[in-house]
Amino acid sequence: MLPFETFDEFWPFYLREHSDPTTRALHIVGTSIAGLSLLGWLASRKKSYLLLALAGSYGPAWLGHYAVERNRPATFDHPLWSLRADLRMYEMWMAGTLDAELSRLGIQPRAYREAQTA
């Protein structure tokens, strides 16, 4: 577990762990599924929507970590900060500011970094 004192210290780490655009896309899909499922639950109170929210959010996200980034999801060590960061990443993606934030922090896709060091 990496020692982070504040969310602001955690945020760049979180984005580096999601440096591949495919991983970020899978997170966006998962967060969208979770949000829509929670709305479905609020409207109907059917528990199946809560299960879909969990499976729909974690499934795509963890697939991105294990199959694309090949790293361990930060949610295991920092669940609340990871949720906050995921929602922030989603908000920035919706606003069209995520690429600028990645650039500001000097974060490039892992495949690009590996090609540069090969």
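Reader: Which element gives the largest share of the lining of the largest pocket?

Author: Quick idea first: a pocket is worked out on a 1 Å grid over the protein atoms alone, as an open set of points where a 1.4 Å probe fits, with protein on both sides within 12 Å along at least five of seven lines, and lining residues have an atom within 4 Å of a point. Here the largest share, eight residues, comes from H3. Helices are DSSP runs of H or I with at least four residues, numbered from the N terminus. Keep in mind that this is a predicted model, where local features need pLDDT of at least 70 and side-chain atom pairs count only at pLDDT 80 or more, while totals for chains, interfaces and linings use all residues. Residues are numbered from 1 along each chain as its sequence is written, and side-chain values use heavy atoms, with hydrogens and water left out.

Reader: Which residues lie nearest the centre of the largest pocket?

Author: Thr31, Ser57, Tyr58, Leu83 and Asp86, out of 25 lining residues. H2, H3 and H4 are the elements that each give two or more residues to that lining.

Reader: And what is the volume of the largest pocket?

Author: A volume is the space filled by probe spheres set on the grid points, which are joined across faces, edges and corners. For the largest pocket that comes to about 490 Å³.

Reader: How do the residues of its lining divide into nonpolar, polar and charged?

Author: The classes go by residue type: Ala, Val, Leu, Ile, Met, Phe, Trp, Tyr, Cys and Pro are nonpolar, Asp, Glu, Lys and Arg are charged, and the others, Gly among them, are polar. The lining of the largest pocket has 15 nonpolar residues, nine polar and one charged.

Reader: Let's zoom in on Thr31. Is Thr31 buried or exposed?

Author: Go by relative accessible area: under 20% is buried, over 50% is exposed, and partly exposed sits in between (1.4 Å probe, protein chains only). Thr31 is at 13%, so it counts as buried. You'll find Thr31 in helix H2.

Reader: With which side chain does the side chain of Thr31 make a polar contact?

Author: A polar contact is a pair of N or O atoms within 3.5 Å; within protein, one must be able to donate a hydrogen and the other to accept it, and residues adjacent in sequence count only if both atoms are side-chain atoms. For Thr31 the partner is the side chain of Asp86, at 2.5 Å. Plain contact just asks for heavy atoms within 4.5 Å. Leaving aside neighbours within four places in sequence, Thr31 is in contact with Asp86, Leu87 and Tyr90.

Reader: What caps the N-terminal end of H2?

Author: Asp20 does, with a side-chain oxygen 2.7 Å from the backbone nitrogen of Thr22.

Reader: Against which helices do the buried residues of H2 pack?

Author: H1 (7–16), H3 (47–69), H4 (79–95) and H5 (98–104). Those buried H2 residues include His27, Ile28, Gly30 and Ala34. Over on H3, the buried set includes Ala53, Gly56, Ser57 and Pro60. Gly56 has 8% relative accessibility, so it counts as buried. Beyond its neighbours within four places in sequence, Gly56 is in contact with Gly30 and Ile33.

Reader: How many of the residues of H1 are buried?

Author: Seven of ten, so H1 is mostly covered. Phe7, Phe10 and Trp11 are among the buried ones, and what covers them includes H2, H4 and H5.

Reader: Last one: where does Arg45 lie, and what is its phi?

Author: Most residues other than glycine have a negative phi. Arg45, in the loop between H2 and H3, has a positive phi near 65°. Arg45 counts as exposed because its relative accessibility is 52%. Just after H3, Arg70 takes a positive phi of about 60°. Arg70 lies in the loop between H3 and H4 and is exposed, with a relative accessible area of 65%.
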